[in-house]
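Student: Please take a close look at a single part of the structure shown below, and then describe the surroundings in which that part is set.

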Amino acid sequence: MNQTLAPPPLPPRPLESNWLEWYVYAAGTTGVPDTFTRFTGYAVLAACLANKVSLSLYSGSELYPNLITLLVGPSGIGKGRAIKQGLGLVEEAGIGGDIGLFGGSITSAFLVDFLAGPEGKGSDGQSRAFFVSPELASSIKWGEHADSLIKRMTDLYTGDLQDFSDGTRTKGRRTTLRNACPNSLGGSTRPWL
């Protein structure tokens with residue numbers, strides 16, 4: 001006899017009325033570690049805000065809410081479920097294109113091409129991306145490619161250059177990014193990391 005089990009009831013509504021508490025509340029009781037749910041919420045929020053808002057800590061230096069978020073833990077603990085839930089919110093809201101959602105394999109050169117292309121440019125002409133990888137090791141090649149991608153993400157993260165150009169001696173300047181704001185959300189185990 002097949003019996004359908006009802007999902008567990010939602011916990012009592014949080015007293016805090018900030019976006020993250022509502023996100024955690026909506027996630028409900030899933031068995032996913034609370035830390036993974038919260039950090040996925042932070043990553044989704046940062047991707048939605050991207051370079052649309054900023055904080056000026058120093059005169060003429062804008063700080064954008066971009067995050068490189070990595071959920072690390074043993075296999076089967078809930079990293080992928082937390083990420084899937086965050087992506088479900090993005091898809092349900094229909095904002096994947098607005099935040100430059102990209103999932104799959106990526107290199108440093110492709111990240112720049114993506115940010116410079118129509119999928120990574122907002123209607124305001126600024127570059128943004130939300131790179132998502134439930135298993136980071138399957139999305140980034142080892143060695144020189146991984147090293148190059150990490151350095152490029154770090155360079156773009158600091159936002160020290162308002163306009164970031166990419167070029168080579170043989171091809172010249174290929175792309176220019178305006179206020180590039182890459183965000184990422186990934187999962188991995190310690191050995192694969």
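Tutor: Alanine 50 is found in the loop that joins α2 to β1 (55-58); helices (H or I, at least four residues) and strands (E, at least two) are DSSP runs, numbered from the N terminus. The model is a predicted one, in which local features need pLDDT of at least 70 and side-chain atom pairs count only at pLDDT 80 or more, while totals for chains, interfaces and linings use all residues. Residues are numbered from 1 along each chain as its sequence is written, and side-chain values use heavy atoms, with hydrogens and water left out.

The backbone at alanine 50 deserves attention: its phi is near 40 degrees, a positive value in a residue other than glycine. Because its relative accessible area is 1%, alanine 50 is buried (buried means under 20% relative accessible area, exposed over 50%, partly exposed in between, with a 1.4 Å probe and protein chains only).

Axes are lines fitted to C-alpha atoms, for helices over the stretch in contact, and angles run from 0 to 180 degrees between N-to-C directions. On the α1 side, the residues in contact are Trp19, Leu20, Glu21, Tyr23, Val24 and Ala27; α2 contributes Asp34, Thr37, Arg38, Thr40, Gly41, Tyr42, Val44 and Leu45. Contact means heavy atoms within 4.5 Å. By class, eight of these residues are nonpolar, three polar and three charged (Ala, Val, Leu, Ile, Met, Phe, Trp, Tyr, Cys and Pro are nonpolar, Asp, Glu, Lys and Arg charged, the others, Gly among them, polar).

Helix α1 (residues 19-27) also packs against α3 (residues 79-93), at an angle of about 110 degrees and with the axes 12 Å apart. These helices are therefore roughly perpendicular to each other, and their crossing is right-handed. Trp19, Tyr23, Ala26 and Ala27 of α1 meet Ala82, Gln85, Gly86 and Leu89 of α3. Six residues of this contact are nonpolar and two polar, with no charged residues.

Two further loop positions complete the picture. Asparagine 66, between β2 (61-63) and β3 (68-72), counts as buried because its relative accessibility is 4%. Beyond its neighbours within four places in sequence, asparagine 66 is in contact with Leu156, Tyr157, Cys181, Pro182 and Asn183. Glycine 125 occupies the loop between α4 (108-116) and β5 (128-133) and is partly exposed, with a relative accessible area of 29%. The C-alpha atom of glycine 125 is separated by 7.1 Å from that of arginine 178, which is 53 residues away along the chain.

As for the whole protein, six helices and eight strands follow the pattern α-α-β-β-β-α-β-α-β-α-α-β-β-β along the sequence. Of the 193 residues, 38% are buried. Among contacts with a separation of 6 or more, 65% come from residues 24 or more positions apart.

Conventions:
Parallel < 35°, antiparallel > 145°, perpendicular 65-115°, else oblique. Left-handed = near helix turned anticlockwise from the far one by under 90°.
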